[in-house]
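Subject: A structure for you to look at

Hi,

Have a look at it first, and then read on.

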Amino acid sequence: AAAGPGGRGGRAPAVVALRLALLLGAALRAARATVYFQEQFLDGASWQKRWMNSEYKPDLGKFKLAAGRFYGDAVRDKGLQTSENSKFYAISSRFKPFSNKGKTLVIQYTVKHEQKIDCGGGYVKIFSSNLDQKNLSGDSHYYIMFGPDICGSETKKVHVILNYKNKPHPVKKPIRCKVDGYTHLYTLIIRPDQTYEVKIDNEMVASGNLEDDLDFLPPRKINDPTVRKPTDWDDRIQIDDPNDIKPEDWDEPEYIMDTSAEQPEDWDDAVNGEWHYPMVKNPLYRGEWKPRQIDNPNYRGVWPHPQIDNPNYSPDFSIYSYENISIIGLDIWQVRAGTIFDNFLITDDEVYAEDFGDETWGETKGPEKEMNIKQTEEEQERERVTEEKYFEQRFKKKLERKKESGNDRAVRNTVKKEEL
């Protein structure tokens, strides 16, 4: 790294030192982290040895290894892609069992809905070691369900569902997922202090306390059942205006008889019953009268019900932890196939997960978008050329028809003259 002629290589030692420091830092982080599961599908068809398709029903959708129509790297961006429309999918991979008790748990992966999905799941599930993988289905007991779910214009959310005492508990906060068709990085962090964090593309989008944001336990405080709201407590914001009096001509019936109608000549009372004038909407009807509203001068606000400690509440400092975590799976339904799952990671180190995301999704997201933009521009150009050719052919045919029409007229005129 010595300086070259003219001293132009003088910065090389600093650059080399920086790179070495970065590599050393990454190595230290990797050594400090425990990686329970990592899958990037970099060895071709060998992924089929590590992943098991469910057989719980015969017509499950098939996964294939693909990078999609557009990508940042043809090899690194290959992942499990759904390949059949309107299908259930169920596949899973097993790893060495572990417990996250006393440790941080990080679940991370990338998902790309390049088909601009209209209705379908993009989430993963974490299971215990006793899962029967060949019978994986929506009824299979899971520990954690995490990831995006899209269906129509209403459902565009990120699921965070944790199992506690054999019952699933979804997070109460709404978390919106990405819907633009590009690859996105989804990360769920569950810490021993019973806090959680959700990140999309390595940016936090939600966080909180598990006990507060999921209904694992009864509330710590409840309303005191021995206390009642005072009878003179007025919590009405507005009241009827006592000075507003109903107009005398207000009460008109909603329907009146149409006395201008006449009995049909063929009306038979024996068959149709006695004829009556038909009822029509009364144009003078004004609806039910209600006095106008005014601010209540005696309003005292919402009565604060005194709270007491809930006798049914008992703290549980282990709601974050699970034993024998051993399987990650995809158990989803998709109307329109094409979603790609890749870069799976389960670890105990948040920094390692962030770095892993930057080194995978982070390095290919830019080229992926560039390729898609280029493809879109090329497709638009092809459509423009095709459209121009179409109208050019129509114009030529129109000219030919006019020419033929003119020749026909000339022939007809010649015949007419000869006949004459």
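The disulfide between C119 and C151 is left-handed, with -85° about the S-S bond. Its two sulfur atoms are 2.1 Å apart, where a disulfide is taken as a pair of cysteine sulfur atoms within 2.5 Å. C119 sits in strand 7 and C151 in strand 9 (residues 144-151), so that this link bridges distant parts of the chain, 32 residues apart. Strands here are DSSP runs of E with at least two residues, helices are DSSP runs of H or I with at least four, and both are numbered from the N terminus. The structure holds 1 disulfide. C119 counts as buried at 17% relative accessibility, whereas C151 is partly exposed at 35%. Buried means under 20% relative accessible area, exposed means over 50%, and partly exposed is in between, with a 1.4 Å probe and protein chains only. Another cysteine, C177, is buried as well, with a relative accessible area of 4%.

Before going further, a word on where this comes from. This is a predicted model, in which local features need pLDDT of at least 70 and side-chain atom pairs count only at pLDDT 80 or more, while totals for chains, interfaces and linings use all residues. Residues are numbered from 1 along each chain as its sequence is written, and side-chain values use heavy atoms, with hydrogens and water left out.

Now the chain as a whole. The protein chain has 6 helices and 22 strands. Of its 420 residues, 37% count as buried. Among contacts with a separation of 6 or more, 74% are between residues 24 or more positions apart; a contact means heavy atoms within 4.5 Å. The accessible surface is about 26100 Å², and carbon and sulfur atoms hold 51% of that. These areas come from the Shrake-Rupley method with a 1.4 Å probe, and for residues only the protein chains shown count as cover.

Which residues does the record list for a binding site? UniProt, in an unreviewed entry, gives Y123, K125, Y142, D149 and D331 under "binding site". The UniProt positions follow the numbering used here, feature names are shortened, and annotations may be inferred rather than shown by experiment. K125 lies in strand 8 (residues 124-128), and D331 is in strand 21 (residues 325-334). K125 is buried at 5% relative accessibility, and D331 is buried at 7%. Their side chains are joined by a polar contact of 2.8 Å. A polar contact is a pair of N or O atoms within 3.5 Å; within protein, one must be able to donate a hydrogen and the other to accept it, and residues adjacent in sequence count only if both atoms are side-chain atoms. Leaving out residues up to four places away in sequence, K125 touches Y142, among others, and D331 touches several residues including Y123.

On to the charged pairs. A search of the whole structure finds 29 salt bridges, each being a side-chain nitrogen of Lys or Arg within 4 Å of a carboxyl oxygen of Asp or Glu. One of them joins E114 and R69 (3.5 Å, N to O). E114 is in the loop between strand 6 (105-112) and strand 7 (119-121), and R69 is in the loop between strand 3 (63-66) and strand 4 (79-82), so the pair ties together parts 45 residues apart in sequence. E114 is buried, at 5% relative accessibility. A network of salt bridges links R69, K112, E114 and E368.

Another salt bridge pairs K281 with E254 (2.8 Å, N to O). K281 is in strand 18 (residues 279-281) and E254 in the loop between strand 16 (238-240) and strand 17 (255-257), so this pair connects parts that are 27 residues apart in sequence. K281 is partly exposed at 48%, and E254 is partly exposed at 32%.

Finally, please look at N202. It lies in the loop between strand 13 (195-200) and strand 14 (203-209), and it is buried at 11% relative accessibility. The side chain of N202 makes a polar contact of 2.9 Å with the side chain of D358, and one of its polar atoms lies 3.1 Å from the backbone oxygen of E354.

Best wishes
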